[in-house]
Amino acid sequence: MMNTTDFKQKFYLNRELSWLSFNDRVLEEATDPNNPLLEKLKFVAITSSNLDEFFMIRVAGLRHQKENGVTRKDIAGMTPEQQLQHISESAQHLVAKQYMYLKKILNALELEGLYFVKPRDLTKGQLEWLRDYFEREIFPVVTPMAVDSSHPFPFLASKSLNLAMLLEKIERTGDDDNDIDVKTAIVPVPSVLSRIIALPEDKERKGCHDFVLLEDVIRHFAQQLFMGYDLLEAHAFRITRDADLYIDEEDAKDLVVEVERQLKKRQKGEAVRVEFERGTSRFMQRFITQSLNLVKNDLYEIDGPIDTTMYFRFCGIPGYDKLRYPEAHPYTPWSMIQSHEKDIFSMIREKDMLVHLPYESFDESVVNFVMSAATDPDVLAIKQTLYRVSSRSPIIWALEKAAQNGKQVTVLMEVKARFDEENNIHMARRLEKAGAHVIYGLVGLKTHSKCTLIIRREKDGIRRYVHVATGNYNASTAKLYTDLGIFTCSDTFGADASAFFNLLSGYSDPPVWDSFLVAPINLRERCVALIDREIQHVKNGENGHIIAKMNSLLDSRMVDKLYEASQAGVKIELIVRGICVLIPGIPGVSDNITVRSLVGRFLEHSRVFWFNNGGREELYIGSADWMPRNLNDRVELMIPVKDTDCMHRIKNMVLKELEDNQKAHIMQSNGTWVKMIASENKVCAQEYFQKLAEQRSEQEKMTLKQKFEPYVPVK
């Protein structure tokens, strides 16, 4: 019933177009009246950053399929060639909307005294300062490159900004006719210089903060780069290249060496997109596009400054806090506040602990956990999986310290984590130098699980402390992503964690797990069984109810199973931030399914799966989305939440997100999304959790103050 081609084409969305819909939801935050002005600008920048990665990976992959003659249709019945055509149309529309929003934001910034100006509009004093700046700071760095029969089209790095110039030199021959010599040249805009240049305040523009773009400065003074030529045209353009790594893991003698070899090729991948500044002549567009072996659909005409990711840094401009979100502080985790113990191991022995990032502190919980283990004389070993770590990771520092202190440290460092490969290899070598045992990933699989095991000798014997989370051990993203993590010293979790790490580090056969659900071993089968159980409850006359929160829903078998459950009468509420190929509300197919996406200040990253189970509720958290790569090609980990208090908190979290009427987009039965911003009874889940963490922290301060308040005798 679920496998016919007609069914799939009618009731499934294309993965890539679904992702573009997600990026459109991100862009819509640039118009949300609840967002401060500089935060709106940041969402415009995020949209560009997302698009860059999309073209470098997803579009590049489809181009390879098309070039290799692949005609196999995707889940929505589209060939690679058809997908590329639809992507081009959707992305062109998205970019046009992005720059329309950008203009409105920049106009609004002028009302706040922040102006982006062109050199031609500067005052005399500003122009003199800029000329001096150009000659001192810019001119020595700029390298103009001629393009002619002696100078072939140069290699230009991916995502680098360049100026395409058309030059004319008139040779005086002495008679009435002159020889006109037209040349083309390319000037790379130096990435080592700040692209947004702040101009000194001018008395003629008192109270105005003026900024000029680097490419505009180079263009304005370009005559100094091409003495003897007249400048006919100078427009910016930017190339995006294929950045995926093509690693032959089976034949690679050393996986790390092979990854490093492929990293060197990343900047030299084939071009997949070229962006031109509006106004670029057809001649120049055709010349550059043909030089890059691109076609019309790969060309994007930009009505504004190319690459809005430059605004990320600008959004932090000092003195304009009123144009940003109020500063968010991570607070002491509620589980730790409630504990009667002082050190983290005693806290975990007392009770399982839940941490809700970024509202609660990563440093006070996760970093404290690993650092305490590094210096605790009773700790014998630390084992951890690392997928993405920050470049200045306190986790790496703690693991180094632990190894130097003679503890057995074993780390699986995933060197194939996209765009973090180089950093992860560097961190892994640091750990090896300190004396840790490092596993550089597994052949054929990415290790995406987030798990730490600490073995400690105590009075009553060896005890194992386990941390399992939905997000990476990354101190930077822990301030930006919403994630969940659980600390426990349960014997069953400890035994499963030991077996899990033995599986990763050796040749052990998969064990019979007590609590752990591990992909690609038993995670998919267990999820299917949990859905089937809800279907059976409905058949038995009970309520069937599933609430699932994830980043992406793409796996066709899981979607089919959800459709089957919906048809059986199971109520299904999905919170899917990104890609979702399932379509809700289709009569007779998905009537009982709703899908919402939360896009806000923080990136929703936690994965939660809640099954009613006839009133005997079961709730799970984990690292895996319901995507083929997560269920088939990655080592993922999902665990049941057994502690009653932890379960209660997570359930309340999910229910609050289902109530959100400020940041929630609702998918319609035609696959489109609608954002409903309520004017009354407003519920913004992210604001609620931030205030809740703050209130709990203030409550604890008051409690401590009362405990130490001096006695005042009654007079």
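Predicted model: local features only at pLDDT ≥ 70, side-chain atom pairs only at ≥ 80, totals over all residues.

Author: Residues are numbered from 1 along each chain as its sequence is written, and side-chain values use heavy atoms, with hydrogens and water left out.

Reader: What makes α13 roughly parallel to α14?

Author: The axes of α13 (residues 394-404) and α14 (residues 421-434) cross at roughly 20 degrees and come within 8 Å. Angles under 35 degrees count as roughly parallel, and therefore α13 is called roughly parallel to α14.

Reader: Which residues of α13 meet α14?

Author: Contact means heavy atoms within 4.5 Å, and on that basis Ile396, Trp397, Leu399, Glu400, Ala403 and Gln404 in α13 meet Met427, Arg430, Leu431 and Ala434 in α14. By class, this contact has seven nonpolar, one polar and two charged residues.

Reader: Why do β1 and β5 stand at the edges of the sheet?

Author: Three strands form an open sheet with mixed pairing, in the order β1-β6-β5, where two strands pair if DSSP finds at least two bridges between them. β1 (114-116) and β5 (196-198) each have a single partner strand, so one side of each is left without a neighbour in the sheet.

Reader: How do you know that β1 and β6 pair?

Author: β1 and β6 (residues 209-213) are joined over three bridges in the parallel sense, which meets the requirement of at least two bridges. Leu114 stands opposite His209 in β6.

Note on methods:
Axes fitted to C-alpha atoms, helices over the stretch in contact; angles between N-to-C directions. Helix = DSSP H or I, 4+ residues; strand = E, 2+ residues; numbered from the N terminus. Parallel < 35°, antiparallel > 145°, perpendicular 65-115°, else oblique. Nonpolar A, V, L, I, M, F, W, Y, C, P; charged D, E, K, R; others polar.
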